[in-house]
Amino acid sequence: AFQKMDDISSGKAIIRFGQQGLNRMFNGGLVRGMTGALYAISHHGKSGNVMEFFADWCMYNTPYMTDTAKKPANVFITFENEAESNIDMFYRLIREGETQSKIEDLPETTKEERAQYLSEKLSCTGYTPFIIRVTEGAWGYRDICNYITKLESQGYEIHCLIVDYLALANRVGCIQGAQGTD
């Protein structure tokens, strides 16, 4: 516990954003293990923001391992966007950051080439990125936890987990709240 506190206070266990203003707002970045939620009304950029955070966390952070026998990983699970749409959105996001110009139309590349480009970019600092598309309602909280446990049993240390649109997960096992919410 004391080692973990030292790691946090020294900044080793901080995950930094690609935007300096967010790093200042979060006192240097997010502490690993921290939980957060991004709220906004429909069609106002939640998915785009969390995709940008995920890309930043993969590309701009050097993994600091609490268990050096494990491999560093970041996980992005979406219940909302289709897999090909995710590939295109991540591709645009990263390419626009590199070129500093808006990409109106995707270049003449195949989906496989874009996926390979993303794999190279998102793993450039040593992280293994997992980007998973789950059909709405197919998984609940237990399935998300089981997936993370499976990755950990395969030797990964998870530094970041983003679940895009958790409200689309099934609620099996949740207790009905007094206000009708789970």
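Two strands pair if DSSP finds at least two bridges between them. Keep that rule for the strand stop below.

**Before you start.** This is a predicted model: local features need pLDDT of at least 70, side-chain atom pairs count only at pLDDT 80 or more, and totals for chains, interfaces and linings use all residues. Residues are numbered from 1 along each chain as its sequence is written, and side-chain values use heavy atoms, leaving out hydrogens and water.

**Whole chain.** Show everything as a cartoon. The protein has six helices and five strands; helices (H or I, at least four residues) and strands (E, at least two) are DSSP runs, numbered from the N terminus. Along the sequence the pattern reads α-β-α-β-α-β-α-α-β-α-β. The C-alpha atoms fill a box of roughly 50 × 45 × 35 Å along the principal axes. A compact globule with 182 residues would have a radius of gyration near 16 Å; the protein has 17 Å, which agrees. That radius is taken over C-alpha atoms, and the globule rule is 2.2 Å times the number of residues to the power 0.38.

**Surface.** The accessible surface comes to about 11,100 Å², and 53% of it belongs to carbon and sulfur atoms. These areas come from the Shrake-Rupley method with a 1.4 Å probe; for residues, only the protein chains shown count as cover. Of the 182 residues, 36% count as buried. Buried means under 20% relative accessible area, exposed over 50%, partly exposed in between (1.4 Å probe, protein chains only).

**Strands 3 and 5.** Select residues 156-164, strand 5. Seven of its nine residues are buried, so strand 5 is largely enclosed by the rest of the structure. Eight bridges join strand 3 to strand 5, and the two run parallel. Zoom in on Val75: it stands opposite Leu161 in strand 5.

**Helix 5.** Select residues 111-122. At 1.5 Å a residue, these twelve residues should span 16 Å; the end C-alpha atoms are 16 Å apart, which agrees. The expected span is 1.5 Å times one less than the number of residues.

**Last stop.** Pick Glu104, in the loop between helix 4 and helix 5. Glu104 is exposed, with a relative accessible area of 59%.
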